[in-house]
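This report describes selected features of a single model. The sequence and structure are shown first, and the description follows.

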Amino acid sequence: MANIKSAKKRILVTQTKTQRNKSIKSRVKTSIKKVEAAVAAKNAEEAASALQLAISEISKATSKGIYHKNNAARKVSRLTKAVNAISA
């Protein structure tokens, strides 16, 4: 356990940031699963609307520094490709 005041604060700040990052990552994963479920069910309309929400969540997470921009671009690209495959 830390004895120095600044070290104690860093522990608290790190815990707070970790919880925030976990909740945002969880929301992103949930939105991705919704898109993938709609794609699996071959429901193009639902997949398209879920895709828009997923892209929004991924972009927000990226802007907050939770995902690297290339990682986010890869996730969006894969989801878009999957949705386009069933709607074509």
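Glu57 counts as buried because its relative accessibility is 17%; buried denotes under 20% relative accessible area, exposed over 50%, and partly exposed the range in between, with a 1.4 Å probe and protein chains only. The residue Glu57 belongs to helix 2 (residues 44-63), where helices are DSSP runs of H or I with at least four residues, numbered from the N terminus. Leaving aside residues up to four places away in sequence, Glu57 touches Arg27, Val28 and Ser31, a contact being heavy atoms within 4.5 Å.

The model is predicted: local features need pLDDT of at least 70, side-chain atom pairs count only at pLDDT 80 or more, and totals for chains, interfaces and linings use all residues. Residues are numbered from 1 along each chain as its sequence is written, and side-chain values use heavy atoms, with hydrogens and water left out.

## The salt bridge

The count of salt bridges comes to 1, the criterion being a side-chain nitrogen of Lys or Arg within 4 Å of a carboxyl oxygen of Asp or Glu. The side chains of Glu57 and Arg27 form a salt bridge with an N to O distance of 3.3 Å. Since Glu57 is in helix 2 and Arg27 in helix 1, the pair ties together parts that are 30 residues apart in sequence. Arg27 is partly exposed, given its relative accessibility of 42%, whereas Glu57 is buried.

## The positive surface patch

A patch of positive charge on the surface gathers Lys5, Lys9, Arg10, Lys17, Arg20, Lys60 and Lys64. Patches consist of residues with over 30% relative accessible area and no salt bridge, like charges being joined within 9 Å. Lys and Arg count as positive, while His and the chain ends are not counted; the place of a charge is NZ of Lys or CZ of Arg. Accessible areas follow the Shrake-Rupley method with a 1.4 Å probe.

Helix 1 (residues 5-40) supplies the largest share of this patch, with 5 residues. Lys17, one of the patch residues, lies in helix 1 and is partly exposed at 46% relative accessibility.

Lys42 occupies the loop between helix 1 and helix 2. Although Lys42 is not a glycine, its phi is positive, at about 60°. Lys42 is exposed, with a relative accessible area of 65%.

Ser59, in helix 2, is partly exposed at a relative accessible area of 40%. The C-alpha atoms of Ser59 and Ala72 are separated by 7.2 Å, and these residues are 13 residues apart along the chain.

Terms used:
Patches are made of residues with over 30% relative accessible area and no salt bridge: like charges are joined within 9 Å, nonpolar side chains (Val, Leu, Ile, Met, Phe, Trp, Tyr) within 5 Å. Helices (H or I, at least four residues) and strands (E, at least two) are DSSP runs, numbered from the N terminus.
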